Structures are given as structure tokens and as C-alpha cells.
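Hi everyone, thanks for making the time. I'd like to walk you through one structure today, so let me put it up on the screen.

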Amino acid sequence: SAAEKGGYDYFMLKEIAEQPKAVADTLLGRIDPAGSLTLDEVRIPDSVLREIDKIVVIACGTAFHAGMIAKLAIEHWTRIPCETELASEFRYRDPILDARTLVIAISQSGETMDTLMALRHAREQGAKVLAVCNTNGSTIPRESDAVLYTHAGPEVAVASTKAFLTQLIACYLVALYLAQVRGSKWGDEVRDVVRELSAVADRVERVLETMEPVRELARSLADKNTVLFLGRHVGYPVALEGALKLKELAYMHAEGFAAGELKHGPIALIEKDLPVVVVVPSPRGRSVLHDKIVSNIQEIRARGARTIVIAEEGDEAVVPYADHLIRIPATPTLLQPLVSTVPLQVFACELATARGNEVDQPRNLAKSVTVE
Ligand code: G6P
């Protein structure tokens, strides 16, 4: 009913709008006033966490994209080798697991069969499993050694939005907590990141307030057949997520690529007026990546692509090559997906609407896939 949707036409719109609160709620009570993390609810003893020598993240769909970003954060802050794998692939390749492996299973519903079977396999091999889950008491957390709940509130729309942002928050918290417990050499950086996390909800709110041009752009592309997405580093999973949303909701051919791979194949797809969304990393910090993406944008534009550029406020280098420029607030590189994903959600939702599709219940899809 309209009341359940809080005055929005679709649950998805409501859930996109709820993201600042979902992010804040997921941080609530997990950072003490001194800026240290208190994840007592993760009932794996610190002594065990200190011995972990390998981390494997398993998930499906949108949660998998959160897992790809988690890998970059975990390795950077903890220096523990981490791999992220599709749950449906994981257990069929005889993965190397033992008591010093931490498996992180990410699932909004907590009922995805592929993820559940993968975590059962991991536990049989003696690995410790930590669930990141949005649904209290669901099967995946019940079968895990520990759980860190995301506090997104119920997500009804099939296409995941607010759960994704809170999965990222939970993964950052786990990574930072591991760094804290293990006395990482990134101690100071960890404290800075904790501060930045507290500022993210307001930044997401600011992004939401500036989405009208994105909706207008989406409507203007309603009769296109293909949209490509490019990104690097954390921007690569964001590109994949933008493409997934467009497939799920707009039923369009959409693909995400690592921008560095462009020259190894995808650039052959570029033709006049093809919309290409580019997620640009912060020009601060890892500025080498930024410069490389700017030359990618130049290359595709020279071949006629219509460039849709998502870049930080104040990033002037992209201006000459952007047919459409979507601004996001400056955010440290590893945290950028929390703001850069939001315009892509809005874009897909509006395109679906413009194409007359059912936003909350896309064809052929289920909110939670409980078969393998
Ligand atoms: C389904 C949904 C996706 C979701 C995926 C994983 O495919 O349509 O939106 O990302 O399952 O779901 P989970 O509940 O495990 O996060």
C-alpha cells in the first residue's frame, strides 16, 4: 500500500532515500567516544582473530560487489591476504581452508542457498565463519560462528540498495576491527577512517538532494539498448553494481569493466552515442589511478561515446571530457563506493520507470534465492 511505501511510488525509492539512516544505524553503538571500535557482538575471541592468516569473502549478486570492495579495505588495513569469491563457485573448486581462515559470508536475506552451502563447506573444513547479514535470526547467521548485523531495516524491493551500503559499512568495520585487534601499522589511518565513516551519512544525504539531473539523464536514455560502466580499484565493483542494477531493473544490456581492461577488448564496443558511465577515483590519494581514468575518458570520447562521469566535487580534470557530470562529495578512496553507488541506483530506478518496468518486482527475479 501507499502507506507502507512511506509516500513513495516504489519501495526501491523509499529504500534509496533511507540510506543515510541505514548507514548511521549500522554504525550506531559500534564506535566508542575515543574512536575505537567495539564489536563485542562478534563473538570470535581476539586471540583467534589475531591468528587469522587468510580471509575469504563469499556472497552473491549485490552482496558480492560489497565483498569485492571489502577485499580492498581488508587487505589495505590489515595486510591479511583476502579473496572474494562468488558463493556459487566457491565450494566446487576445493578451496584451501583451515582453522586460521576467516570466511565472511555477506547476505541481506540470510537465506541465499548458494551462500549457505558455501559457508557449510567452509565450516566443515574448520574455517571460522562470520556472517554479515540484515535479517535477524535467519539461517546464514544461525549457522555461522559469529554475525555482524547490518541495520538497514527490512528491504522489500528486489533490487538491493540500502542493504548494499550497510554491507559496505559492516565490512569496513570488520576490517578496521581486525586492524585494531592486531595492532596494525595503519593505526593512525584507522582512526581517521573511523572519523570519516561518521561523516558518510550526511554525504549520502547530499548526493540524494542533487539527483534530479541524473533522473533527467536516465529518462533521455530510455530507448538505448546498451550502457557500459567503467571503474578502477573500488570503482570497479561500483561499475559492476551499476550494470547489475540496470540489467535487473531496466532489462538493458549493461556491462561493467575494469577501466584498465578497456584496451584489451571492450574498447571495440565503443561507438557513436554509446552511453558510458565512468566512476572516477578521488584525485587525492591514489592520484595515479585518477590520471589513468581521465585518459580512458578521453579515449572513449574520441571514439564518439557519450560520457557520463561520476567524479568528486572539485575534480576539474574531468570537466572537458564529460558530456554529463555527476558530482559526489569528496570521500577517502576506500569509502568512495558509499557515495558513488547512489547515483547509479537512482539512474537504474528512473530508467526502469521510463521503460515502463515494474521497479519493485523485476521479471524473473526473486528477492532471495533459496535454491541452488
Ligand atoms: C538475489 C537478489 C539480489 C541479491 C542476491 C543475494 O539475486 O535479487 O538483489 O543481491 O540475491 O542476496 P542476499 O540476500 O544473499 O544478499
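Let's begin at the ligand. The element that gives the most to the shell around the ligand is α4, with 3 residues. Before I go further, please keep in mind that this is a predicted model. The shell has 16 residues, and those that come nearest to the ligand are G61, S107, Q108, S109 and T112. What is the make-up of that shell by class? It divides into 9 polar residues, 6 nonpolar ones and 1 charged.

Now, on to the sheet. Here 5 strands form an open sheet, and if you read across it the order is β2-β1-β3-β4-β5, with parallel pairing. Which strands are at the edges? They are β2 and β5, the latter covering 146–149, and each of them pairs on one side only. On average, neighbouring strands of this sheet are turned by 20° against each other, ignoring direction. As a quick reminder, strands of a sheet pair through backbone hydrogen bonds, and they can do so in a parallel or an antiparallel way.

Let me zoom in on one pair. Strand β1, residues 54–59, pairs with strand β3, residues 101–107, in the parallel sense over 5 bridges.

Take α8 to start with: it packs with helix α13, residues 337–354, at an angle of about 170°, and their axes are 10 Å apart. Angles over 145 degrees count as roughly antiparallel, so α8 is roughly antiparallel to α13. Which residues make the contact? On the α8 side you have F164, L165 and L168, and on the α13 side P337, L338 and T341. By class, the contact of α8 with α13 has 5 nonpolar residues, 1 polar and no charged.

Now the partner of α4. Helix α11, residues 235–250, crosses α4 at roughly 170°, and the axes of the two come within 9 Å. That angle makes α4 roughly antiparallel to α11 too. The contact is made by T62, H65, M68 and I69 of α4, together with P237, L240, E241 and L244 of α11. In the contact of α4 with α11, the residues divide into 5 nonpolar, 2 polar and 1 charged.

Last stop: a couple of backbone angles. Most residues other than glycine have a negative phi. R79 has a positive phi of about 60°, although it is not a glycine. You'll find R79 in the loop between α4 (61–78) and β2 (82–86). Is R79 exposed, or partly exposed? With 14 other C-beta atoms within 10 Å, R79 is partly exposed.

D273 is not a glycine either, and its phi is positive, about 70°. Its place is in the loop between β7 (253–258) and β8 (275–279). D273 is exposed, because it has 10 other C-beta atoms within 10 Å, and 12 or fewer counts as exposed.

Terms used
Residues numbered from 1 in each chain as written. Predicted model: local features only at pLDDT ≥ 70, side-chain atom pairs only at ≥ 80, totals over all residues. Helix = DSSP H or I, 4+ residues; strand = E, 2+ residues; numbered from the N terminus. Buried ≥ 20, exposed ≤ 12 C-beta atoms within 10 Å, placed from the backbone. Pairing = 2+ DSSP bridges. Axes fitted to C-alpha atoms, helices over the stretch in contact; angles between N-to-C directions. Near = placed C-beta within 6 Å. Nonpolar A, V, L, I, M, F, W, Y, C, P; charged D, E, K, R; others polar. Parallel < 35°, antiparallel > 145°, perpendicular 65-115°, else oblique. Contact = placed C-beta atoms within 7 Å.
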